[in-house]
Each structure stands twice: as C-alpha cells, then as structure tokens.
Amino acid sequence: MKKLTLFLLSLFTLTAILTGCGGQKAEAPKAAPVKELRVTYVKAPLNIPSIVDKFNETTVKAFEKDGTKVTFPVITSGAKQTEALAAGSLDIASCLGGTSAILAASNGADVKVVGIYSRAPKAFNIMVKDPSLKTAADLKGKWVVGPKGTILHQILAAALAKEKLTLNDVQFRSLGIPASVNALLSGEADAALVAGADVLRAQRAGARVLANGEGLVDATIVIGVSGKFLKEHPDVVRKYLALHQDNLRFLKEQQAKAYEFTAKETGLSVDDVKLMAPWYDFSTAITDKDIKDLEETQEFLLANGMQKNKIDIKSMLAEVK
C-alpha cells in the first residue's frame, strides 16, 4: 500500500511537470503597462496627420482609456530623434527622415521602421532667383545652401548627377531651411534647398523652383520606433498605427476641417494649405518602391562619406503583428 501511494505520488508529480513543460506552457512575464507614451510632434513641412491628431486629441483620448499618458516632445532634428529612441527617452518618432533612420541603423542603433509617414517629392525643392540658372547644370561653381545629409541634399546630388555633375562641382554650405531662403533672397547664395511653407515664402519674394524630387527622389519620411519598445509593447505600437489611420480617414472625410486645423497651426492660409496638400502622399504601407528609394538614399549617404557601414535596408523594417 505504501509503495502504491509513493508510485501514485510520483506519477502525479511527473504529470504536473510534463503538463507545465508541454501543452500548457508557462507564459513569459508580460512587460509592465505603459504609463507614458512619448511620441514626437513635428508639424513641418506640412504634416497634416500629426496636426489632425493634435487638434482632435486622437491618440491622447484613446490611450487615456488604458491609463496611458501620451506626451509629444517637439524634436525636429532626425539625428536627435534617433538618439532619443536609442536612449529610451522616446518611444515613437512619428515622422522621421529616411536618411536619419538609415544612419542610425547603420551605426548600430536599435531603430525600427514600422510604416511610411509621407512621400513628397514636390515638396522638396532647389530654388534660385537668377534667371540665367535654368537647369542643375548651371549650378556648376555656384554657391548652394541647405541642410546637409537630408532629403534635400540628396535631391541636389541626384539633380547634379542627371547633368553628369557631382556635389564637388558646387560650393555647398550647410544651413537650415529658413536661413537658406534668407541667403538666397539676399544674394549671398545662388541656390537654396527649400521645403514646405518656405517654398511659398521664397516664391513670393521672387524665387522659383529649379528642380524638385520628382523623378529623382521620393523624399520618404518614415514612422520609427525603438526596437526594444516594439518588442516589449507591440500592442501599443499596433494601437498607435491604428489611430494614425483614424487621422488619415479624418483628413479624407473631413478635408476642409483638416485644412483649417493645418492653417491655424502653421500660420498659412487655408488656400496655401490647399495648394500644398496634394504634394504629399500619406499612405503608410511600405512598398517595394519605398524600399528601393531607401536603398538609393543609403547609396547617396555612402557615396558622400556620411555613412560608413552599409546595411540591409530590409533589416530595419518591422511588421507589427
């Protein structure tokens, strides 16, 4: 009887162990709930979905129900956005330049791309005032100003390459966009790299578009996240992307209201917003064309000494399940 009892006890123990290791696996400990979600807010050049989100409080109200506070640090520099993602002080970079994402990933930062924010080749321009400058070929030996290592810089390189020239054939000085427009208008520069509302400002002061990204560079802006955050909180990232789609639906279904929000936030007129809005494609799905554009962006960065380590672009893309 004693032996039978010991046998049954051993059998029960073994069954419990096997059950725990088999069909009913112990669940991995879940990450702590997110108390604060940090998402960048960048309104320029014309980030209508982000502006809609701000005015409607789409993300704030939805996450409030989960007990999550959403904050919107204003970080306009792509490099600082990726630094913050890597440091864990930022969770989602809502609109991050493709160049910045690639540079960060190539330097080992744990940054993942979970969608496209926008493509806007018409919004990124090379602008001039001198009527004798008719094509990019005429920029040879001229002073060109604009932000280095950006989509605009890439468009300059592509426009020159089309004329069998390189960046070494122009005198380039790195300046922010508003300062670049001022330099062009004052005659300190022959050409300026300009995006967004500053294009209209320059045009109204007598400048014109020499070339833009059309047929050269798609000007891809991405949605970036911390890889660690994505791994620990895929549900939060998935919810954020769904809310972003809500903002896009609002833009489509209530366009006049979205344009009104944008005009109020940027200081543009509603007519200006109507003029510029068609320049932007805000669809979020990552297409083969987007991947090709990002690969070409990497080649630009490598060729011009701004990137040292080549990466597989697809390795930084992440599907949120």
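This is a predicted model: local features need pLDDT of at least 70, side-chain atom pairs count only at pLDDT 80 or more; totals for chains, interfaces and linings use all residues.
1. A residue counts as buried when its relative accessible area is under 20%. Thr220 has a relative accessible area of 3%, so Thr220 is buried.

2. Thr220 lies in strand β10, and its side chain is joined to the side chain of Asp293 by a polar contact of 2.7 Å. If neighbours within four places in sequence are left aside, the residues in contact with Thr220 are Gly97, Gly98, Ile116, Ser118, Ile151, Asp293 and Leu294.

3. Strand β10, which covers residues 220-226, belongs to an open sheet of 3 strands, arranged in the order β3-β10-β4 with antiparallel pairing. The edges of this sheet are β3 (92-97) and β4 (111-119), each of which pairs on one side only. On average, and with direction ignored, neighbouring strands here are turned by 30 degrees against each other. Between β4 and β10 the antiparallel pairing extends over 7 bridges, and within it Gly115 has Ile223 of β10 as its bridge partner.

4. Helix α5 (residues 98-106) packs on this sheet, where it touches β3, β4 and β10, and the direction of α5 makes about 105 degrees with that of β3. The helix is mostly covered, since 8 of its 9 residues are buried; these are Gly98, Thr99, Ser100, Ala101, Ile102, Ala104, Ala105 and Ser106. The partners against which they pack include strands β3, β4 and β10, and also the helices α4 (78-87), α6 and α13. After α5 comes Gly108, a residue whose phi is positive, near 90 degrees.

5. At the contact, His153, Gln154 and Ala157 of α6 meet Glu296, Thr297 and Phe300 of α13. Sorted by class, this contact has 2 nonpolar, 3 polar and 1 charged residues. An α-helix has 3.6 residues a turn, so residues three or four places apart point the same way.

6. A further region to examine is strand β8 (191-195). How many of the residues of β8 are buried? The count is 5 of the 5, so the strand is largely enclosed by the rest of the structure. In a regular strand the side chains alternate between the two faces of the sheet. Both faces of β8 are covered, with Ala191, Leu193 and Ala195 buried on one side and Ala192 and Val194 buried on the other.

7. Strand β8 pairs with β5 in the antiparallel sense over 5 bridges, and in this pairing Phe124 stands opposite Ala195. With strand β6 (residues 143-146), by contrast, β8 runs parallel, and 2 bridges join these strands; here Val145 has Ala192 of β8 as its bridge partner.

8. Helix α8 (residues 197-204) has Asp198, Val199, Leu200 and Ala202 among its residues, and these four are buried. The buried residues of α8 pack against β8 and β5 (124-128), and also against the helices α7 (177-186) and α12 (270-276). Following α8 is Gly206, and its phi is positive, near 105 degrees.

Notes: Residues are numbered from 1 along each chain as its sequence is written. Side-chain values use heavy atoms; hydrogens and water are left out. Two strands pair if DSSP finds at least two bridges between them. Axes are lines fitted to C-alpha atoms, for helices over the stretch in contact, and angles run from 0 to 180 degrees between N-to-C directions. Contact means heavy atoms within 4.5 Å. Ala, Val, Leu, Ile, Met, Phe, Trp, Tyr, Cys and Pro count as nonpolar, Asp, Glu, Lys and Arg as charged, and the others, Gly among them, as polar. Buried means under 20% relative accessible area, exposed over 50%, partly exposed in between (1.4 Å probe, protein chains only). A polar contact is a pair of N or O atoms within 3.5 Å; within protein, one must be able to donate a hydrogen and the other to accept it, and residues adjacent in sequence count only if both atoms are side-chain atoms.
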